[in-house]
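Colleague: Before I use this model, I would like to know what stands behind the words used to describe it. Please take me through them one at a time.

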Amino acid sequence: MVSNEEVMQITEHVLGTMLELVTVADSEEVLLSGRSEAFTGCVHISGEWQGAVIVQGSPELGRLIAERFLQLSPDEVSEVDVIDSAAELTNMIGGNIKGLVPGPSFLSIPSVTIGSDFDFQLPGTRTFTNVVANCEGQPLRIKLCESKS
Amino acid sequence: MKVLVVDDSGVMRKIIIRSLNAVGVTDVVEAGDGEEGFVQFQAQPFDLVLTDWNMPVRNGLEFVTDIRRTGSKVPIMMITTEGQRSQVILAIQAGVTDYLVKPFEKESLRAKLDKYVPV
């Protein structure tokens with residue numbers, strides 16, 4: 001339904017157009033959970049198609065995204081800036097992916113978690129697209145999870 | 001010129017306001033959802049409204065419908081990730097004047113704003 005290539009194209013487009021960041025597909029899975037201050041953004045899609053889009057990135061990438069979105073210098077970026085920026089990034093990637101799944105469907109408000117001591121699960125879903133990318137040398141993962149029901 | 005910017009994302013509001021400032025517009029009022037936006041809209045006159053679609057409490061489409069029900073002809077630009085043709089048609093039917101799909105280049109937003117900002 002939605003291929004890894006399509007998710008990668010959307011990700012490249014969002015990061016390139018809005019933030020002028022170069023993103024390329026990567027083959028190496030980088031463990032992001034457990035890394036201090038790594039971010040996980042999630043947006044749900046409901047309607048004809050049910051599922052969620054999850055965007056995860058390294059702490060360094062979270063700060064870089066906040067710097068570019070808000071035009072801040074590195075030492076001006078706060079944790080709130082990273083959370084807000086990761087939420088907007090997740091919203092844009094999720095919103096564009098929503099256009100590829102069967103509709104009509106609706107996009108939820110994004111949620112974001114930052115930290116190291118948590119495990120993010122979406123019970124009742126299966127992952128059918130898992131894109132691993134590299135954005136300006138930093139790991140980024142985009143997952144599309146479909147509801148099993 | 002007075003502009004109302006309605007978006008639940010503080011990041012997007014900052015990006016939009018930066019672009020407004022760049023074209024000389026400094027009189028800007030912000031709101032975080034369609035309900036808050038409509039309260040602001042009723043409280044003072046605006047020359048342009050910029051709104052997101054997906055927002056909590058009252059979404060952008062409902063907000064636009066609320067404005068048009070008052071009989072106002074204020075230009076309304078929707079800035080959203082909803083890029084499908086069917087969604088654009090829905091927005092136009094609700095009364096949206098202009099439409100910009102996220103992600104967008106800074107120049108695209110500036111070009112759209114130039115249409116509404118007096119020289």
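Colleague: Which residues is Gln87(B) in contact with, leaving aside its neighbours within four places in sequence?

Modeller: Keep in mind that this is a predicted model. Gln87(B) is in contact with Lys98(A), Trp53(B), Glu82(B) and Tyr99(B). Contact here stands for heavy atoms within 4.5 Å.

Colleague: Where in chain B is Gln87(B) found, and why is it called buried?

Modeller: Gln87(B) belongs to helix H4, residues 85–94 of chain B. Its relative accessible area is 14%. Buried means under 20%, so Gln87(B) qualifies at 14%.

Colleague: Why is Gly32(B) called buried?

Modeller: The value for Gly32(B) is 19%, and the limit is under 20%. Gly32(B) therefore counts as buried. Its place is the loop between E2 and H2 of chain B.

Colleague: What is Gly32(B) in contact with, once neighbours within four places in sequence are left aside?

Modeller: Asp7(B), Asp8(B), Arg13(B) and Met55(B). As for Leu109(B), it is 77 residues from Gly32(B) along the chain, and the two C-alpha atoms are separated by 20 Å.

Colleague: Which residues of helix H2 in chain B are buried, and what puts them on the same side?

Modeller: H2(B) covers residues 34–43, and its buried residues are Gly34(B), Gly37(B), Phe38(B) and Phe41(B). These cover an arc of only 100 degrees around the axis, so they sit on the same side of H2(B). The face turned away from that buried side carries Val39(B) and Ala43(B), which are exposed.

Colleague: How do you know that chain B agrees with a compact globule?

Modeller: A compact globule of 119 residues would have a radius of gyration near 14 Å, and chain B has 13 Å, so the two agree. The C-alpha trace spans about 35 × 30 × 25 Å along its principal axes. Of the 119 residues, 55% count as buried.

Colleague: How do the elements of chain B run from the N terminus on?

Modeller: The order is β-α-β-α-β-α-β-α-β-α, with five helices and five strands in the chain. Among contacts between residues at least 6 apart in sequence, 62% join residues at least 24 apart.

Colleague: What is the omega of the peptide bond that joins Lys102(B) and Pro103(B)?

Modeller: Omega is about 5 degrees, and the bond is cis. Pro103(B) lies in the loop between strand E5 (98–101) and helix H5 (106–114) of chain B. Chain A has a cis peptide bond from Gly103(A) to Pro104(A), with omega near 0 degrees. Pro104(A) is in the loop between helix H3 (79–98) and strand E4 (105–107) of chain A.

Colleague: Why is Glu20(A) called exposed and Glu136(A) partly exposed?

Modeller: Exposed means over 50%. Glu20(A) has a relative accessibility of 55%, so it counts as exposed. Glu136(A) has 40%, which falls between the limits of 20% and 50%, so it is partly exposed.

Colleague: What is phi for Glu20(A) and for Glu136(A)?

Modeller: For Glu20(A), phi is near 55 degrees, a positive value in a residue other than glycine. For Glu136(A), phi is near 50 degrees, again positive in a residue other than glycine. Glu20(A) is in the loop between helix H1 (4–19) and strand E1 (23–25) of chain A. Glu136(A) is in the loop between strand E6 (125–135) and strand E7 (138–147) of chain A.

Colleague: What makes Gln56(A) a buried residue?

Modeller: Its relative accessible area is 9%, and the limit is under 20%, so Gln56(A) is buried. Gln56(A) is in strand E3, residues 51–57 of chain A. Its C-alpha atom and that of Leu144(A), 88 residues apart along the chain, are separated by 12 Å.

Key. Residues numbered from 1 in each chain as written. Chains lettered and ligands numbered in written order. Predicted model: local features only at pLDDT ≥ 70, side-chain atom pairs only at ≥ 80, totals over all residues. Heavy atoms only, no water. Helix = DSSP H or I, 4+ residues; strand = E, 2+ residues; numbered from the N terminus. Rg over C-alpha atoms; globule rule 2.2 N^0.38 Å. Buried < 20%, exposed > 50% of the residue type's maximum accessible area, 1.4 Å probe, protein only. Arc of directions from axis to C-beta.
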